[in-house]
Amino acid sequence: MPLIYADASDGYISASGSSHTAARHASSGSLNSTLSSSAYAVRAASLSGRGGGLTYRYARSFFYFDVSSISDCTSVTLNLSGYSSAGSGGGIVIMATTAFGGDGGTALAAGDYDSIKDWDGSSDMTGATKFSSAPAVNMAGWNVNHNNIIPLGSAAETSINNLDYLIICVVDYTYDYLKAEPVTGGANPGLALANNVGLSFSNFTGTDADPYLNITLSGYGHDVNGVAAANIGKVNSVATASIGKINSVD
């Protein structure tokens, strides 16, 4: 099962405003693409200021994966390392996006904030293209500083098998995906953590916390002579995807 790591240009884009719609429906935001991790990688929160009034803050995280070597994906999981005090919130959703120029041709840009595929930028996102297989990833079991395995569905498999890339955006489920006004966290910003999800990015030292795809391929999937199947592309010049048995062994 090949592991495909996210490109180093991953990151998150945030936007804020004096109203729920001003922040959520912004066409661009503040780009953060050099951080190793952030407690605010996915966000949908409202904070009360010292002088009164609310400030609304949203954040969406973007990842690009080069899957040009894969054409026979049968299942795939997204693996994200949790960071800091991620709140339970209402879950997250893995969406398709046209960020990175739509094909990886450009770096992540501030204007990619609203680049959810098939989304009009203001309605809820239920009609947009979704990659996660579940309606929402439940944050109750979210592991901080450890890997979190998120199953992706058939839309992701189709993209991997037909395109050279898989580009995803991670958004808040309850407030961003469903278009609901976030509840206030009060004067203490820490109280708003329930609407934040912390993530690590590819700039994290080493690869232990890097986001990656774990892809299951069709064809022969066992170790051969002590070599893991994920590291075998061919056996005697025959692609593993075309091999059902080796020496009569399934």
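I began with strand S8 (residues 147-152), whose covered face holds Asn148, Ile150 and Leu152, while Asn147, Ile149 and Pro151 make up the uncovered face. Strands here are DSSP runs of E, at least two residues, and helices are runs of H or I, at least four residues, both numbered from the N terminus.

I noted that this is a predicted model, where local features need pLDDT of at least 70, side-chain atom pairs count only at pLDDT 80 or more, and totals for chains, interfaces and linings use all residues. Residues are numbered from 1 along each chain as its sequence is written, and side-chain values use heavy atoms, with hydrogens and water left out.

Next I looked up the sheet. I found an open sheet of four strands, ordered S1-S11-S6-S8, with antiparallel pairing; two strands pair if DSSP finds at least two bridges between them. Strand S1 (3-5) and S8 are the edge strands, each pairing on one side only.

I then checked S8 against strand S6 (residues 73-81): six bridges join the two, running antiparallel. Leucine 80 has asparagine 148 of S8 as its bridge partner, and serine 81 has asparagine 147.

I looked at threonine 74, which lies in strand S6. Threonine 74 is partly exposed at a relative accessible area of 39% (buried is under 20%, exposed over 50%, partly exposed in between; 1.4 Å probe, protein chains only). Leaving out residues up to four places away in sequence, threonine 74 touches Glu157, Thr216, Leu217 and Ser218, contact meaning heavy atoms within 4.5 Å. I also recorded that threonine 74 and threonine 158 are 84 residues apart in sequence and 9.1 Å apart in space, C-alpha to C-alpha.
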